[in-house]
Amino acid sequence: MLHFPASAPVANYFGTCLVDMCYPEYGMAGIRLLRREGVEVLCPPRQSCCGQPAYNSGFLDETRTVALHQVKVFADNDAPIVVPSGSCAAMMRYHYPRLFEGRPEHAEVLRFSERVFELTQFLNNVLHPAYKDAGAPIKVAWHSSCHARREMDCIKDSLALLAQLENVTVLPIDNEHECCGFGGTFSVKQPEISAAMVRDKAAAIAKTGAEVFLVGDCGCLMNIAGHLEKERSPMRGLHIAEFLWERIHA
Amino acid sequence: MHNADFTRNVAKALNDAPQRAHLEHVITNFMRGRRGLFNDDEELAALREAANAVKRRVVGRLAEVLERLEASCAANGIQVHWAETGEEASNIVLDITRSVGGKTLVKSKSMVTEEIHLNKTLEANGCEIRETDLGEFIIQLIGQTPFHIIAPALHVTKEQVGAIFAEKIGIDYTEDPDRLQAEARRFLRERFRRADVGVTGVNFAVAETGTICVVENEGNARMCASVPRVHVAVTGLEKIVDRLADLPLMLRMLVGSATGQRISTYFNMVGGPRRPGDQDGPEQVHLVLLDNGRSRMAGDEELRQSLQCLRCGACLNHCPVFKRIGGHAYAATYPGPVGTMVMPQLKGLDEYGYMALASSLCGACGEVCPVMVPIPSIIRRLRVEAHDAHGAVLDHGHDAARMESLAWSLWAKVMTSPGLNAMARKTMAALGGALPAVGPLGAWTSVRVRPKFSSKGLADLLREEDAKEKGSK
Ligand code: SF4
């Protein structure tokens, strides 16, 4: 069970490397959502990557180097660390402590990990925002990232926030539980299997008849939206933070 | 096999549209069945915890439990044999068969006898061994290996079965499942009656009582264990529970996870050979305990968890990779997540290292495993072992992957120096469209557009927004 702080006047923001590289505007949307609830957001510029790509490729020393870098970057305060990605959040919350088990840094890493939350989880459980939908009626499809679902367990929070938006209908996707085939380096190490998975996922999303699909993880987004675009599908994908922000400011 | 061969298998499987449609259908049913039985999340979590505890206790003190099992079996008149390798195990079965002057055997479905290639050894030595599980019977007729660990002929349609039976056992073509079953039963009855030795696998061997338990739905395992003069049960040395009282829970978890049944049609408990005054039963019962790499696994705290596996097949049924490529593409006795986890450990990374790459680590397998084997973590561990000179898995360090090591150490440099990091992004943003689509980028763009790198990072946007705010105040 996660222990949520009762309130959060200050929060750190870990934007993730993928947001920084390809989707900084979605990262900004997350910051705005936090600020909207009166939170002072700290976003240390030295932050980089949670280390998951190297971790899942089996390169643990390199992962530790990068992980420890993040631990140090956020060591100057005790405030929560909010992450707009279930996958990166799970890496930092659940896998960092295992990586440093039996090592001198373990206690320090544990203190870091306990402060990590996924964005919608933090909003829904700590900040309790009230959203007023300002947009026209719209149908959306929701894709759960595997680690958001199975490790961070924050899908219910993402959906709870969406449920506040009156004019938004969330449509179910066939085989919603199934991985989109991204899997970090899996997508380039087993490109054929990954391609088969993303094809099926994109087809299931397209079949819903939604106007856009939403995700809480930019890895899935880059994968699925990248495929849809290649197929010249009109369906676009958005990070949930961007969508929420757009809806309440439409 | 090498990754290139695996890639070829994968391509073939992915292009097999009928097989994929069939798999989608069958696997959806498996999933629905399991979910129908375990429909209360809280209860399921508690059951998995309890089942995990039962198996953890066993694999944590395997030597002690095995000794106890051997003593209890001996007290029941069950003869216990130890086999270090698959070859040894097969030879033990051959020797037992010869010792009673026999050469015909019947066998019920057992993955461990696939692992040791028992049929091959026996046939090479003049014996005849007949598979009696309907699915296994079908694939034996066409010379294939099991497609799925609990449903060996999952990939064969009833029309194909009709054609196979017509050709191989000489019946008139039919695709009526009832008639096909009746024909198989008629054919096999005679084999059961004539067989000298019946071979079964083992689902649970009870250390406390020396009882061999076999789960099945067709009754053929019961025939194998009771009709011939000799019953030989073959098992990996991890398939043990401590106490008789552990059985109800473990049976429920195994059967429910495998087929969604509340209980299997048959549950056989073999307590020893026929005793004076008994009406039936074999004169001899043997238990072959196979190591074949398992004690190496037991020596490592993390890898040891692989030995908790019940071979229920749930991880196959929930794996998005298995669902698309099926069982044969892996070219391994155990396919799917459980195979990915155990094959490299049993047989070494040289031969099966490619399997560890065939996972997106989505976690679906670990989520459903009835004994909570952390399959994704163990697969990740195998990726570490591949280039770890001090590893614990056979052939560890086999793939020194110098290029990849270099790439990751460079990556670590970039990710720990903000200047380099921003520079990398800007370079990619500037070059993005111009980079040749080869290597990883080529793999990515085969079905997706290129990633679009942003010239500005998150920190840039934040700075701009804050400046704007200040300006407007
Ligand atoms: S690893 Fe778990 S889910 Fe897979 S076959 Fe074994 S017991 Fe079943």
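# Briefing: a predicted two-chain model with a ligand

Strand S5 (residues 138-142) of chain A runs parallel to strand S6 (residues 168-171) of chain A, and four bridges pair them. This is a predicted model. Chain B touches chain A through 49 residues, which meet 53 residues of chain A.

**Chain A: overall build**

- Chain A contains 13 helices and eight strands.
- Its radius of gyration is 18 Å, close to the 18 Å that the globule rule gives for 250 residues, so chain A is as compact as a globular protein of that length.
- Along the principal axes, the C-alpha atoms of chain A fill a box of roughly 55 × 45 × 30 Å.
- Of the 250 residues in chain A, 57% are buried.
- Take the contacts in chain A between residues at least 6 apart in sequence: 78% of them join residues at least 24 apart.

**Chain A: strand pairing around S5**

- A:Ala141 has A:Leu171 in S6(A) as its bridge partner.
- S5(A) also pairs with strand S7 (residues 212-215) of chain A. Three bridges join these two strands, and they run parallel.
- A:Val140 has A:Val212 in S7(A) as its bridge partner.

**Where the chains meet**

- On the chain B side, 49 residues are in contact with 53 residues of chain A.
- Helices that give two or more residues to this side of chain B include helix H1 (3-14), helix H15 (320-325), helix H18 (364-368) and helix H19 (375-385) of chain B.
- Helix H20 (402-416), helix H21 (418-431), helix H22 (439-445) and helix H23 (458-472) of chain B also give two or more residues each.
- H20(B) gives the most to this side, with six residues.
- By class, the residues on the side of chain B that touches chain A are 29 nonpolar, 11 polar and nine charged.

**Chain B: the six-stranded sheet**

- Six strands of chain B form an open sheet with parallel pairing, in the order S1-S10-S7-S4-S2-S3.
- Strand S1 (78-83) and strand S3 (128-131) of chain B are the edge strands, and each pairs on one side only.
- On average, neighbouring strands of this sheet are turned by 20 degrees against each other, direction ignored.
- Helix H4 (residues 62-75) of chain B packs on the sheet and touches S1 and strand S10 (284-290) of chain B. The direction of H4 makes about 145 degrees with that of S1(B).
- Strand S2 (residues 104-107) of chain B runs parallel to S3(B), joined by four bridges.
- B:Lys107 stands opposite B:Glu131 in S3(B).

**Chain B: the four-stranded sheet**

- Another open sheet in chain B has four strands in the order S8-S5-S6-S9, with mixed pairing.
- Its edge strands are strand S8 (240-241) and strand S9 (266-270) of chain B, each pairing on one side only.
- Strand S5 (residues 204-206) of chain B is joined to S8(B) by two bridges, and the two run parallel.
- B:Ala205 stands opposite B:Ile240 in S8(B).
- Helix H12 (residues 247-259) of chain B lies across S5, strand S6 (211-216), S8 and S9 of chain B. H12(B) runs at about 30 degrees to S6(B).

**Around the ligand**

**Two loop residues with positive phi**

- A:Arg232 has phi near 60 degrees, a positive value in a residue other than glycine. A:Arg232 lies in the loop between helix H12 (218-230) and strand S8 (236-239) of chain A.
- A:Arg232 counts as exposed because it has 6 C-beta neighbours inside 10 Å.
- B:Asn292 is not a glycine, yet its phi is positive at about 50 degrees. B:Asn292 sits in the loop between S10 and helix H13 (294-298) of chain B.
- B:Asn292 is buried, since 20 other C-beta atoms lie within 10 Å.

Methods
Residues numbered from 1 in each chain as written. Chains lettered and ligands numbered in written order. Predicted model: local features only at pLDDT ≥ 70, side-chain atom pairs only at ≥ 80, totals over all residues. Pairing = 2+ DSSP bridges. Axes fitted to C-alpha atoms, helices over the stretch in contact; angles between N-to-C directions. Contact = placed C-beta atoms within 7 Å. Rg over C-alpha atoms; globule rule 2.2 N^0.38 Å. Buried ≥ 20, exposed ≤ 12 C-beta atoms within 10 Å, placed from the backbone. Nonpolar A, V, L, I, M, F, W, Y, C, P; charged D, E, K, R; others polar.
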